[in-house]
Structure formats: C-alpha cells, structure tokens
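Subject: Handover of a structure and notes on its features

Dear colleague,

Please find below the structure that I am handing over to you. I would be grateful if you could read the notes with the structure open beside them.

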Amino acid sequence: MQPLSVNQYLRQHIRTVPDWPAPGVQFRDITPLLQDPKVFRVLIDAFVHRYMDKALRPDVVAGLDARGFILGAVVAYELNVGFVPIRKKGKLPFTTVEETYELEYGSATVELHTDAVKPGDRVLLIDDLIATGGTMMAGRRLLEKLGATVTEGAAIVDLPELGGSQRLKDSGLPLYTLVDFAGH
C-alpha cells in the first residue's frame, strides 16, 4: 500500500456535511483537522514548511475572520512573524479601514486596523476555504490600501467550481491550497 500524501491525509480528515446550511450544499467542515493533534500538526506544518522558504517568507500573516485566525496565528507563531486579524465590521476597537464585498445574496464588510501593516510589508493572507473568493479579495484590497503587498493567498480547501480560486488567480494573486473538492 502506498503511503498517503499530505493532501490525501488531510482530505480524509475533512468532514462533508450534506445539505448544510441549505439543501444541496455539501459543507466542507475543517474542524476534524483541528481536533486531532497529529492531524493539526500535519496541517500547520504543510503551511509552515512552504513559507519558511526565503522567497516565500512573509513579514506578516493576515488571517480572515474567523477560521483564518486559527491557521494564521499558529503559522505566524511558527514563522516568528506578526499576525493581524481581518475582522467582520464592528469587531475591531481601534481606527480601521474597511472593504465591502458582494455575497451571493447581499454584501459583507471586513475591517483592518490602520496600523496593522506597514507600507512594503510582505503579507501572507490565509483562510480555511476558498469558495467565491470575495472575502480573500476584500482582505487583499484592505492590506494594499495600507501599502502592503500580498505575496500569496493560502487556504486548506479550494472549491474550484464556485470560481473563487480562478477569480483570485486572474487578479494576479498566487494561491496555495492543500485540498480541492472539484466536482463534488
């Protein structure tokens, strides 16, 4: 029997919840990746080993509300760089910049403290999943408003059929994902 690749190993620990939050949706639940210490370490190491490379190493890791905080904070700690949260509107106590983006039905706004990054900072933008790409695109625009450069977007899961990863790549943002659920 062939050993599993990291991607295959992680994929088998992602739970699919049918018909949630609506009929016909196959929700990809990453919480089992976080619950098992061995699986969690494999997950974090997959990101850390990539971003230890001098060419890819960020100055700062930015995590998108809310599961991007879990990944981003641990990855930043392991890389010995700072972490900044990109939050939903109204959650940050200091002066912020904001970016509104479209959802399937309506819109949402994310915010970032104005002193979260400095001009010229190289930022890794991380989240748990890429669906339509709207949240990651909004996070990127926030960081760029403050003069930072988003060097790469990263996520555990890509749902390519929803078009987000292609939209982000078309905008010029390199992407790194560990597992894709194409055709599911």
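Predicted model: local features only at pLDDT ≥ 70, side-chain atom pairs only at ≥ 80, totals over all residues.

Residues are numbered from 1 along each chain as its sequence is written, and side-chain values use heavy atoms, with hydrogens and water left out.

The whole chain

The chain has 6 helices and 9 strands; these are DSSP runs numbered from the N terminus, helices being H or I with at least four residues and strands E with at least two. Its radius of gyration is 16 Å, close to the 16 Å that the globule rule gives for 184 residues, so the chain is as compact as a globular protein of that length. The radius is taken over C-alpha atoms, and the rule is 2.2 Å times the number of residues to the power 0.38. Along the principal axes, the C-alpha atoms fill a box of roughly 50 × 40 × 30 Å.

Of the 184 residues, 45% are buried (buried means under 20% relative accessible area, exposed over 50%, and partly exposed in between, with a 1.4 Å probe and protein chains only). Among contacts (heavy atoms within 4.5 Å) between residues at least 6 apart in sequence, 57% join residues at least 24 apart.

Helix H3 covers residues 37-51, and its 15 residues should span 21 Å at 1.5 Å a residue; the end C-alpha atoms are 21 Å apart, which agrees. The expected span is 1.5 Å times one less than the number of residues. The buried residues of H3 are Val39, Leu43, Ile44, Ala46, Phe47, Val48 and Tyr51. Their cover includes helices H1 (6-11), H2 (31-35) and H4, together with strands E7 (122-130), E8 (149-158) and E9 (175-180).

Helix H5, residues 134-145, should span 16 Å with its 12 residues, and its end C-alpha atoms lie 17 Å apart, which agrees. Its buried residues are Gly134, Met136, Met137, Ala138, Gly139, Arg140, Leu142 and Leu143. After H5 comes Gly147, with a positive phi near 90°.

Loops and backbone geometry

The loop between strands E1 (15-18) and E2 (26-29) holds Pro21, which is joined to Trp20 by a cis peptide bond with omega of about 5°. Asp19 is in the loop between E1 and E2 as well. Although Asp19 is not a glycine, its phi is positive, at about 60°, and the residue is partly exposed, with a relative accessible area of 46%.

A cis peptide bond also runs from Asp65 to Ala66, with omega near 0°. Ala66 sits in the loop between strand E3 (60-64) and helix H4 (67-79).

One pair across the sequence

Glu102 lies in strand E5, residues 96-103, and counts as exposed at 60% relative accessibility. Glu102 and Thr135 are 33 residues apart in sequence, and their C-alpha atoms are 8.9 Å apart in space.

With kind regards
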